[in-house]
Number of protein chains: 2
Amino acid sequence: MKLGVVGATGLVGQKFLQLLEKEKSFQIEELKLFSRSPKFCSFLNKKIETQPLAKNTFEGLDICFFSAGQDVSLEWAPQAVKQGAIVIDNSSAFRFDPDKLLIVPEVNSHLLNYKAQIISNPNCSTIQLVVALQALEKAFGLESVHVVSLQSISGAGAGALKHLKEESLSILKEEKSYKQHEIDYAFNCVPFIGSLNAEGFCSEEVKIMTESKKILELPQLKISAFTVRVPCLNSHSEAVRFSIKKQANKDELLSALSSYVDTSELFPHARGADQEKQIFVGRVHKDPSLENSWWMWLVADNLLKGASWNGLQIAQELVKIKK
Amino acid sequence: MKLGVVGATGLVGQKFLQLLEKEKSFQIEELKLFSRSPKFCSFLNKKIETQPLAKNTFEGLDICFFSAGQDVSLEWAPQAVKQGAIVIDNSSAFRFDPDKLLIVPEVNSHLLNYKAQIISNPNCSTIQLVVALQALEKAFGLESVHVVSLQSISGAGAGALKHLKEESLSILKEEKSYKQHEIDYAFNCVPFIGSLNAEGFCSEEVKIMTESKKILELPQLKISAFTVRVPCLNSHSEAVRFSIKKQANKDELLSALSSYVDTSELFPHARGADQEKQIFVGRVHKDPSLENSWWMWLVADNLLKGASWNGLQIAQELVKIKK
């Protein structure tokens, strides 16, 4: 297996390399790492120097994982495909393209085929949601979904995480006042992620709503999202209120969910999910205000299941098909 | 006006004293401060020593503000009433008693009368919610409400706030690992506040649902809450999805809301609301997944409008009635 990683020095790229080392999913014959400026990355006790993207650089690669933002993917992913590689793209560049795959292996790996193409990795907050929703759809049929996400700062990248730590320290040392009119993430809750559209939804919310419908193959699903950036270092949480088409009790719900997610904790929390590959679902309970309505709480490591691990799972599925 | 403050050294008690100084709501002839162990509190450039609660200690007081927890209120508030005082109680001890008032002045001050009695101050997360809901109920009629609250650590008291700061510092200094199985608030999201009931709701959620129905005088309102503790120092945030009985556009909603709350910011946030008496509402937009459904985002200082300021507003209303 000849692999490439574009954005190898980023938070997600680094997690992808750590997973590659640990999971030993396949024999790696060649590993090409790409980043804007050259840096050394350690991999299996070797130092590999990253290289900038250049013409014909993807020649000979089987699979290339992209996590360097939408612009890089738009420019370079089609070239990688032309040069014969399968691209697993962590950006949103191609997710809404009806001709391109958007894959969460637990939900729709049956769509995969082994050919040079772009396969999109969904948005971090979508991935953890759709796995739980798929469990509910299969067992009871989904009627409607309302999700409020509480998304950690690692999802905004290494720069945002560094800034959060510095700002938090300034506040704790009382060098800076907590009271602040300007929007800053430290010890704060900020009610938007991305840019706002004409309907009043921000781009992160549009991603959750659009991607979930595509992955679940439920174009008519009533789904609405509200996304908030919270001052967690890592792991995204989601409070989900949903209605199902059949009457069910809590044990039946937990039983359906537990085939897809980890339901062993009543109160899963961000720091508990950090560095874990699973999706944790807790606080499953009925909302008596509406028929067949329920609440649940989802937590997952946004850099792992929300990005690198989902990407590596796609690669593993592709290798299975090839064999 | 002869005033008492029980729990004068706590976070809410201190805010109450600061407001008393600043607002000059009424001439204070006497100010009695109570706390478990004696401490000096500064008030209008004087030092006042707190005293422990004792028999007949409320004699002669007109109004006594209680913020020392449910147990203290249960034991001492009825005694204060017997001794002729009006109690404004910040605990949940008497909120659900159908014979006792639960007041948010913007919503139901018409119920107030000036006599020795216990008047409950609602839960912090309820207060900011019902003011906005009252605006919507009056203009359009409320059909259903689903609220996810993101509640700051100051709401858990001074001890929790101190612990949060220490833990956060340890993590930032890398003395402690972010990854932790045990539940801790630092840089975390914790999906419950209070204790869990048989239906799977936690006590903070039950407070929001029960108190809102009582204050709004809408016993049949379909309201469901999910409460989360987030690592903000102060100010509670709420993502609210609601349905109204009439068709309306965004301008009509904002116009109705702006008579009750501050709608000047599109993205109000916790640090912006800190130390402010207003309730801020932003991100009002339609949820197209269901008819006449909307999202909004509420933020308020839980120690001010969520506790001390609402209590002082009640006292101000009482003084108006007396005159």
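Reader: How many residues does the contact take from chain B and from chain A?

Author: In this predicted model, the contact takes 66 residues from chain B and 66 residues from chain A. The area buried between the two chains is about 5,700 Å², and carbon and sulfur atoms give 66% of that area.

Reader: Which elements give two or more residues to the side of chain B that touches chain A?

Author: Among them are helix H5 (158-172), helix H8 (270-273), strand E9 (142-151) and strand E10 (222-229) of chain B. Strand E11 (236-244), strand E12 (279-286) and strand E13 (293-300) of chain B also belong to this set. As for polar contact across the interface, 44 residue pairs are found, with both residues at pLDDT 80 or more.

Reader: Why is A:Phe187 called buried?

Author: Buried means under 20% relative accessible area. A:Phe187 has a relative accessibility of 2%, and therefore counts as buried. This residue lies in the loop between helix H5 (158-172) and helix H6 (203-216) of chain A.

Reader: What is found for B:Phe187, buried or exposed?

Author: B:Phe187 has a relative accessible area of 2%, so the residue is buried. Its place is in the loop between H5 and helix H6 (203-216) of chain B, and its phi is near 50°, again positive in a residue other than glycine.

Reader: How do you know that the span of helix H2 of chain A agrees with its number of residues?

Author: The expected span is 1.5 Å times one less than the number of residues. For the 13 residues of H2(A), residues 70-82, this gives 18 Å, and the end C-alpha atoms are 18 Å apart, so the two values agree.

Reader: Where does H2(A) bend, and which proline follows?

Author: H2(A) bends by about 35° at A:Trp76, and A:Pro78 follows within four residues. A:Trp76 is also one of the buried residues of this helix, together with A:Ser73, A:Ala77, A:Ala80 and A:Val81. What covers the buried residues includes strand E5 (63-66), strand E6 (86-89) and strand E8 (118-120) of chain A. Just after H2(A), A:Gly84 takes a positive phi of about 100°.

Key. Residues numbered from 1 in each chain as written. Chains lettered and ligands numbered in written order. Predicted model: local features only at pLDDT ≥ 70, side-chain atom pairs only at ≥ 80, totals over all residues. Heavy atoms only, no water. Bend = angle between axes of the 7 residues up to and from the residue. Buried < 20%, exposed > 50% of the residue type's maximum accessible area, 1.4 Å probe, protein only. Contact = heavy atoms within 4.5 Å. Buried area = accessible area lost by both parts, 1.4 Å probe. Polar contact = N/O pair within 3.5 Å; in protein donor to acceptor, adjacent residues only side chain to side chain.
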